[in-house]
Amino acid sequence: MQKVRKIRLVLLAIGLIGALLGLVFAKSNSALTPLFLVLAAIGVFGHLVYTLIAWHCPHCGRLLPTKHGFWSQYCPYCGEKLD
């Protein structure tokens, strides 16, 4: 689960950095603005898709809830440790 968390955070960081750079370059009317905005969309969309695909319990296979955050140590369905 640590690998899944790291990949999710990297994808989210790519999206946020792309969005910030897109905003910075948008103020200067740069030709790079669309590139950074596409990078932001890919990062955020990739984060969401990867979360839906990989955010399952490795023991029982059920989709883990996101209501209480992504930092749970135990599966709420089978009770097994997620690390």
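This is a predicted model: local features need pLDDT of at least 70, side-chain atom pairs count only at pLDDT 80 or more; totals for chains, interfaces and linings use all residues.

I started with burial: of the 83 residues in the chain, 23% are buried (under 20% relative accessible area; exposed is over 50%, partly exposed in between, with a 1.4 Å probe and protein chains only). Residues are numbered from 1 along each chain as its sequence is written, and side-chain values use heavy atoms, leaving out hydrogens and water.

Next I looked up the secondary structure and found two helices and zero strands (DSSP runs numbered from the N terminus: helices are H or I with at least four residues, strands are E with at least two).

I then followed α1, which covers residues 2–27. Its buried residues are V4, R5, R8, G15, G18 and G22, and they pack against α2 (33–54) (contact means heavy atoms within 4.5 Å). Just after α1, I noted a positive phi of about 55 degrees at N29.

Which cysteine sulfur is closest to that of C57? I found C75, at 3.7 Å, which is too far for a bond (a disulfide is a pair of cysteine sulfur atoms within 2.5 Å). C78 is in no disulfide either, and its nearest cysteine sulfur, that of C57, is 3.7 Å away. I logged C57 as buried at 3% relative accessible area, while C78 is partly exposed at 33%. The structure's disulfide count is zero.

Last, the overall extent: the C-alpha atoms fill a box of roughly 55 × 20 × 15 Å along the principal axes.

Methods. The expected span of a helix is 1.5 Å times one less than its number of residues.
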